[in-house]
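Here is a friendly walk through a structure that may be new to you. Please keep the sequence and the 3D view open as you read.

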Amino acid sequence: MNSPIKLQPDETFILNVGPQHPATHGVLRVKMEMNGEYIVNAETVIGYIHRMHEKMGEVKTYPQFLMNLSRMDYLGALGYSHGHVLLIEKASGIEVPERAEYIRAIMVELNRVASHLFWFGAFVMDLGGFSPLMYALQDREYILDMLEAVTGSRLTYCYFRFGGLYNDIDDDFISAARRFIPRMRKSLKKYHKLVTGNIIFHKRLEGIAPLSQEMCRKYGASSAVARGSGINFDVRKNEPYSVYPEFDFDIPVFHECDSLARYKVRMEEIEQSLRIIEQGLDKLPDGPIMPEKKPKLIKPPPGDYYQAVETARGSFGIRLVSDGGKTPYRLKLRSPTYSNMHLFDESCRGMMIMDALAFMGSLDLVIPEIDR
Amino acid sequence: MSLTLLNVIVAVVIAIAFAALNAAYLVWAERRGAARIQRRPGPNINGPFGLLQPPLDGIKLMAKQLTIPGGADKVLFIAAPVLAMFPAIMSFVTIPFSESIVAKNMNVGVLMIFAFASTGSMALVFAGWSSRNKYAMMSSVRAVSQAVAYEIPMLITTITVVMIAGSTDLMEIVRQQSGSILHWNIFPVLGNSHNLLMPMSFLIFFTCTLAETNRAPFDLGEAESELVAGFHTEYGSMGFGLFFMGEYANIVIGSCMTTILFLGGWNAPLPFLGFIPGIFWFLLKLYLLIATFIWIRWTFPRTTIYGLLNLSWKILIPLSLFNLLFTAGLIKVF
């Protein structure tokens with residue numbers, strides 16, 4: 001890392017990290033050219049779990065494509081569906097009842113907390129501490145139970161509909177969510193005590209893998225990767241959508257640029273999501289969850305539409321080119337992890353393998369979302 | 001003559017049985033301990049409290065085929081796991097569990113244990129080299145630098161204790177600590193050294209034991225999130241089983257040495273508790289130390305390789321050298 005080493009190109013060897021490797025969290029392959037423990041060059045190889053979601057978007061009708069979105073990122077699925085339904089509603093001019101928008105925001109934020117919790121556990125496990133994963137999963141379990149009661153599924157939700165929701169929330173959900181918030185705050189305190197305050201943890205992340213702002217901009221990084229490098233960008237604030245302008249919440253930004261900063265951003269985001277959920281539950285209006293007037297067949301008028309949302313992994317963009325038919329002419333998904341991951345090749349040169357894999361953990365990669 | 005030989009053989013067999021049993025049941029204890037820390041049940045299906053889990057795991061491992069990767073060095077590949085287990089078991093022979101329970105006491109017991117402990121890291125090198133796997137190779141390179149870095153402060157600390165006791169005989173070292181907890185080498189207020197730096201020595205020794213046995217937070221040799229499974233990546237069946245048992249046997253040896261050198265061996269902490277047999281105190285201290293090992297493993301993340309080496313060369317070695325000189329001065333004065 002800090003110590004400049006002399007690299008002798010004739011003494012390197014190729015190390016294939018993945019596609020089956022505990023640190024890559026899925027089927028990502030990293031071809032590393034190594035000089036002992038130091039990385040001379042790295043190349044990420046993707047495509048092991050490509051499922052042609054974009055092509056499927058072109059052959060399926062709009063309602064048929066709904067469930068594809070939640071198969072992209074299996075940890076924070078609701079955020080992606082949110083982007084899709086917002087886009088189609090914008091394109092075909094469907095009015096969404098206010099209650100539905102509030103419930104959507106609450107659900108997406110709950111899902112974001114669940115996703116960050118899983119990331120937290122997996123990240124600490126990358127660093128060799130196993131127990132925090134179990135604590136994080138227990139808190140996540142609580143969220144999944146809540147979401148399951150309303151949406152009917154635990155991982156790949158198909159909850160949002162064009163114009164509203166599939167199911168209304170009940171009093172049980174509201175009281176469970178209200179109980180969850182203080183519980184999660186208590187857990188966060190425990191995590192900070194157990195992990196954030198740990199000296200080994202600090203030493204492993206502080207100053208490791210600094211990402212400059214130029215670097216983040218060059219690769220189009222978003223989420224905690226950009227915000228850990230001092231770029232104050234969050235789609236919820238910068239390009240507001242849904243009911244997010246109604247909520248009072250902060251965007252955590254840290255300027256240290258290292259892995260620890262990225263960790264801190266995500267931990268702070270959990271707290272901010274809890275604030276949004278709290279306000280959403282307080283402000284939740286009564287009313288229908290589906291609009292009264294809704295076209296029977298979704299056929300957006302010809303045109304070019306774009307919608308960006310802030311998912312747990314960063315800014316997710318979805319672009320639709322419609323020719324007025326039942327299926328889109330072209331559907332392009334801009335997945336945030338794809339941009340975040342490509343930072344890795346350039347940034348990890350000269351790092352030791354254990355620092356590089358800790359850095360990779362801090363990027364929060366979900367491979368099916370890269371490959372789509 | 002033949003009777004003494006028989007005695008020795010029986011004692012050695014008992015030592016091996018103790019080592020193997022401990023290694024097997026420490027796996028169970030570790031899994032239960034980890035489960036308790038992580039708020040989950042752990043192994044609890046086979047037998048009461050899951051106590052039949054270790055023998056069943058052993059049977060399962062033995063039933064598996066031992067695969068040797070293509071291009072591997074066959075002789076070293078097969079020899080390595082045996083070499084990992086063998087020194088750990090042999091070390092048990094000289095460990096005095098109480099005044100009367102010791103397989104074969106030697107007046108160079110300390111030296112013998114360190115001689116065997118050093119061969120332990122050879123097993124890791126052989127395994128890493130012969131597997132013909134890049135991860136295994138990197139792991140064994142790490143293991144060597146780790147073993148070199150941590151054997152030095154460990155030996156210097158041990159020399160300090162040997163200087164205080166004036167003997168390399170393990171039984172003699174324990175006898176010198178008899179009396180009460182204040183005579184033990186960890187708090188030698190009433191002992192024969194009066195060295196107030198000994199608690200620090202104890203911590204250095206304990207840290208080195210963690211590193212020498214490849215335990216978290218120093219388990220860089222088998223850092224599963226980077227090196228897959230480290231030096232035993234290519235091992236299955238009982239090859240893996242022997243490495244696993246060797247690791248736990250090493251933990252027991254390390255804890256035994258800590259108990260003997262610093263915690264007064266079989267001596268009771270207070271004089272009026274002397275009526276309880278010494279073996280009870282020895283095992284109590286031993287298992288408390290092992291419980292600490294387990295507790296540490298499931299709490300801390302892993303260090304980096306440079307953090308690990310810096311800790312040894314920049315902090316532990318200077319501190320232990322200073323304590324060595326300080327103790328020598330004290331012995332000269334008193």
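In this predicted model, strands E6 and E7 of chain A run antiparallel and are joined by nine bridges. Helices (H or I, at least four residues) and strands (E, at least two) are DSSP runs, numbered from the N terminus, and two strands pair if DSSP finds at least two bridges between them. Within this pair, A:Tyr305 stands opposite A:Leu320 of E7(A). On the other strand pairing, E7 (residues 314–322) meets E8(A) in the antiparallel sense over five bridges, and there A:Leu320 stands opposite A:Leu331 of E8(A).

Put together, these strands form an open sheet of three in the order E6-E7-E8 of chain A, with antiparallel pairing. Strand E6 (303–311) and E8 of chain A stand at the edges with a single partner strand each, so one side of each has no neighbour in the sheet. Neighbouring strands here are turned by 10° against each other on average, direction ignored. For such angles, axes are lines fitted to C-alpha atoms, for helices over the stretch in contact, and angles run from 0 to 180 degrees between N-to-C directions.

In a regular strand the side chains alternate between the two faces of the sheet. Strand E8 (residues 330–334) of chain A has a covered face with A:Leu331 and A:Leu333, while its uncovered face carries A:Arg330, A:Lys332 and A:Arg334. Helix H3 (residues 77–92) of chain A lies across E6 and E7 of chain A and runs at about 150° to E6(A).

Before we turn to chain B, a word on names and limits. Residues are numbered from 1 along each chain as its sequence is written, and chains are lettered from A and ligands numbered from 1 in the order in which they are written. Because the model is predicted, local features need pLDDT of at least 70 and side-chain atom pairs count only at pLDDT 80 or more, whereas totals for chains, interfaces and linings use all residues.

How do the two chains meet? In all, 22 residues of chain B are in contact with 25 residues of chain A, where contact means that C-beta atoms, placed from the backbone, lie within 7 Å. Helix H5 (134–165) and helix H10 (305–333) of chain B each supply at least two residues to the side of chain B that touches chain A. The residues of that side divide into 10 nonpolar, six polar and six charged; Ala, Val, Leu, Ile, Met, Phe, Trp, Tyr, Cys and Pro count as nonpolar, Asp, Glu, Lys and Arg as charged, and the others, Gly among them, as polar.

Finally, look at the loops of chain B. Most residues other than glycine have a negative phi. B:Phe49, however, has a positive phi of about 55° although it is not a glycine, and its place is in the loop between helix H1 (2–37) and helix H2 (53–63) of chain B. B:Phe49 is exposed, with 12 other C-beta atoms within 10 Å. A residue is buried if 20 or more other C-beta atoms lie within 10 Å of its own, exposed if 12 or fewer, and partly exposed in between, with C-beta atoms placed from the backbone. B:Arg132 also has a positive phi of about 55°, in the loop between helix H4 (109–131) and H5 of chain B, and counts as partly exposed with 16 C-beta neighbours inside 10 Å.

How values were computed
Contact = placed C-beta atoms within 7 Å.
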